[in-house]
Every structure is written in C-alpha cells, then in structure tokens.
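Please look through the sequence and the three-dimensional picture that follow, and keep both in view while you read.

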Amino acid sequence: MGSLKAILKHPDDLYALVKLKLAVRHAEKQIPPEPHWGFCYSMLHKVSRSFALVIQQLDTDLRDAICIFYLVLRALDTVEDDTSIGTDVKVPILMAFHRHIYDREWHFSCGVKDYKVLMDEFHHVSTAFLELGRSYQEAIEDITMRMGAGMAKFICKEVETTDDYDEYCHYVAGLVGLGLSKLFHASGKEDLPPDTLSNSMGLFLQKTNIIRDYLEDINEIPKSRMFWPRQIWSKYVNKLEDLKYEENSVKAVQCLNDMVTNALIHVEDCLKYMSALRDPAIFRFCAIPQIMAIGTLALCYNNIQVFRGVVKMRRGLTAKLMDRTKTMSDVYGDFYDFSRMLKSKVDDSDPNANKTKERLETILKICRDSGSLNNRKSYIIRSEPRYNSTMIVVIFIILAILLAYLSATRPNKI
C-alpha cells in the first residue's frame, strides 16, 4: 500500500487504497484449481497486478482469452527485450512464435525473474490456449504472428523517423489494441471498431511507456534499448544517451516535451473508441489504462526527473482512478483534469509550446463538449487537504486494522 508519508499528505487516498488492497487479495484468491490455469493467473498477478485486477470483472470466457493473450505477448516481448540473445537466434523465434503457442512442449529459456519462469514453463500457457474457443485462438494467433514479424523487423532497424516510431509502436502495442478489439467482438459483447481507433489505443499507451522508461531503457545491460525517434531527439542532442547528462538538462526537457506532444495526437481517437463501448466491464478494462497514461504524461511533461529516476503517479491517486472510473463521463472528467494540469506546465519559451497547447485545447474542447463536466468535483486537481491530529490518529488505527487483517489472510496456493 502507499507509503505512510504519502497517506499523511493525502489522507483522503486511504479509503481507495484499502479498497484496492482488498480487491487485490480477493483476485488472488480466485486463481483456478487446474495447474495450467493456476500457473497462468498466478503469473499474470506477478507480471502485472493492476492488469490482473482489472480483468477479474470480465466474464470467464473473455477473461481467460485476455489472460492468455497477455501472457503470449508478454512471452514474445520477453524474447525481444532480452539483449543477451543474438540476432541470429532471436529473429527466427520471433517469426515462429505464433506456431509455438500450439505446441504444449515448447519453451525457451530467456528473461529474468518472473519472466524467466514464464518462458521456462510456457507449456502451461500453450495448454490453456488450446482450451480457448476457436475464434479466440485465431485472433491471438493472428496478432502474435504480425507482432513477431514486426519485432523481428525492428531488431535490424533503427527508429529513425516519426513514421518509424509509429510503425514500431503499431507492432508492439497497436496490434494489442487490434487484438483486444477482436476478442471483445468474438465474445459477442462489442462491435468491431475501425482499426485506426484500436491502433491509437495501443500507441497512446506505448508512447507513454517509452517516454517514462527512457532512463531504464538507455541504461539496459548489455546493450541500450533506444526507441525515441532520431527525427525528434537529434534536434536537441548528438546522441540519444546525451539526454541523461546534467549539462544537457534544458535540451533534455525540450526533447521530452516534444515526445509528449507527439503522444497527445492519439487522444482524440482513444476517446472515440471508449465512447463507443457498451459493456461496462470491458469499458473499465479499457478506460483505466488510458487515464493512467494521460496522468503519467502530465507528470512527465517538463520534468527533468524522467532523466534521473522513476516518474509515476502516487499509489493513492492510482487507487482512486481504479475505484472511480465507471462511465465515459468519468473518462472525460479525468482527461480534462490531467490535460489542464499538463497545460499549466507549458512554458511559452518551449520550442513546441504552441503545438502542445493546440493539441491540449483539442482534448479539452472534446471533454467540455461532452457535457460531462458540469458539477463535477475533481479529485485530481485540488488544493492540499487540511487534516489535524485526530485525523492522523484515525489513519493509524485504520492502517493497524488493515495490516492485522491482511496478515491473517493469505491467497490460496496452487
């Protein structure tokens, strides 16, 4: 749960944090008894707790399909990410991965920690995949094939232009958006949206991750992972790694702001996609990550800490977003607030200030025109809360009760 310091600064986060913690515990207890499904859901909790929590509300067949879809693509991504694997070995595996998912015996040792376990025991994922409905299998196979081919292409190709950047993000994330749309449609719960909208859903999330993860990627051992397009960063420095050095701080922030501005172009498509969803559980599954993305961009914009460490939303605010995102009105409200936050940080001396403001104003207008902002109380932009010693005592009591409860309960073991 969030740190005590953060809770004392934002005491109204506590209720949402407690709910989130209890929801995580409940989700962990829902792990199926069959060994292969037990492995898949346990692994999902280990590699992405927030994702595992959000999909729990989906109907069983769709939940199982998305769980396997995620793990297959996570395994594929583990192969791509492992910089210790030679190109001559890596490329054939990426190209053939869509066939391996039908093989109950296939596995490949790579990655680290939980990802290594996933790869070493991939036969559990294949076994579960073979139990899915045929329409789900076909959608997963198709996206895996296209993604593997795209990843293989960029093993031997640098991200030079913004077109290259969009193409790379399409292969590693836009296709995820297309695949999820196919799975939603196969479940009978949603219409199949235009590919352009599904693609934008993936690109917005991926570009946010690439921006946030600059330092982790550039410091990757044994070889840096570089996804920021040369067309953007070369306007500011001679080498992409130069952005992390203190003497280049001004140029680094300007480049960062350029990257954020590039990502904002996908927001309009994302809002269109979400506004067309009918199923409440699917809507929440899609909306929460998108709100987290615009919030992360608002934090990263004009923030030199992107090049010094980790920039992420405080856990209490994350818990609130997960708890309070239920309708499209909530999405418009949150996008409006985070866009306002981002706009307040734009410095007129920034080289891309006008372009950034134009894109933000487009987002703000869409949110205002939705008619959802009237009488809305923001929990994102607000003055610092006032609290006294009594409130602090209450917080400590609630924390003590929660910790006692959690220590007395343990998730079921497989």
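The model is a predicted one, in which local features need pLDDT of at least 70 and side-chain atom pairs count only at pLDDT 80 or more, while totals for chains, interfaces and linings use all residues. Residues are numbered from 1 along each chain as its sequence is written, and side-chain values use heavy atoms, with hydrogens and water left out.

The protein chain has 20 helices and zero strands; here helices (H or I, at least four residues) and strands (E, at least two) are DSSP runs, numbered from the N terminus. Of the 414 residues of the chain, 53% count as buried, a word that means under 20% relative accessible area, whereas exposed means over 50% and partly exposed lies in between (1.4 Å probe, protein chains only). Among the contacts in the chain with a separation of 6 or more, 73% come from residues 24 or more positions apart, a contact being heavy atoms within 4.5 Å.

H3 is mostly covered, since 11 of its 13 residues are buried, including Trp37, Phe39, Cys40 and Tyr41.

Helix H6 (residues 87-100) can be read in a similar way. Its 14 residues should span 20 Å at 1.5 Å a residue, and its end C-alpha atoms are 19 Å apart, which agrees.

In helix H7 the residue Lys113 stands out, having a positive phi of about 50° although it is not a glycine. Lys113 is exposed, with a relative accessible area of 73%.

What other links can be found in the chain? A search of the whole structure finds 20 salt bridges, each being a side-chain nitrogen of Lys or Arg within 4 Å of a carboxyl oxygen of Asp or Glu. One of them joins Asp120 to Lys116, with the closest N and O atoms 2.8 Å apart, and both residues lie in helix H7, four residues apart, about one turn of the helix. Asp258 also forms a salt bridge, with Lys235, the closest N and O atoms being 2.8 Å apart. Because Asp258 lies in helix H14 (residues 249-264) and Lys235 in the loop between helix H13 (230-233) and H14, this pair ties together parts that are 23 residues apart in sequence. Asp258 is buried, with a relative accessible area of 5%. Elsewhere, Asp81, Asp217 and Arg225 are linked in a network of salt bridges.

The last stop is helix H16 (residues 280-300), where Ala293 is found. Is Ala293 buried or exposed? With a relative accessible area of 4%, Ala293 counts as buried, and it touches Phe204, Leu205 and Thr208, not counting residues up to four places away in sequence. The unreviewed UniProt entry carries the annotation "transmembrane region" for residues 281-304 and 387-408; UniProt positions are given in the numbering used here, feature names are shortened, and annotations may be inferred rather than shown by experiment. Over residues 281-304 the chain is 83% helix and 0% strand, with end C-alpha atoms 37 Å apart. Asn302 is placed in the loop between H16 and helix H17 (315-324), and its phi is near 60°, a positive value in a residue other than glycine.

Technical notes. Expected span 1.5 Å × (residues − 1).
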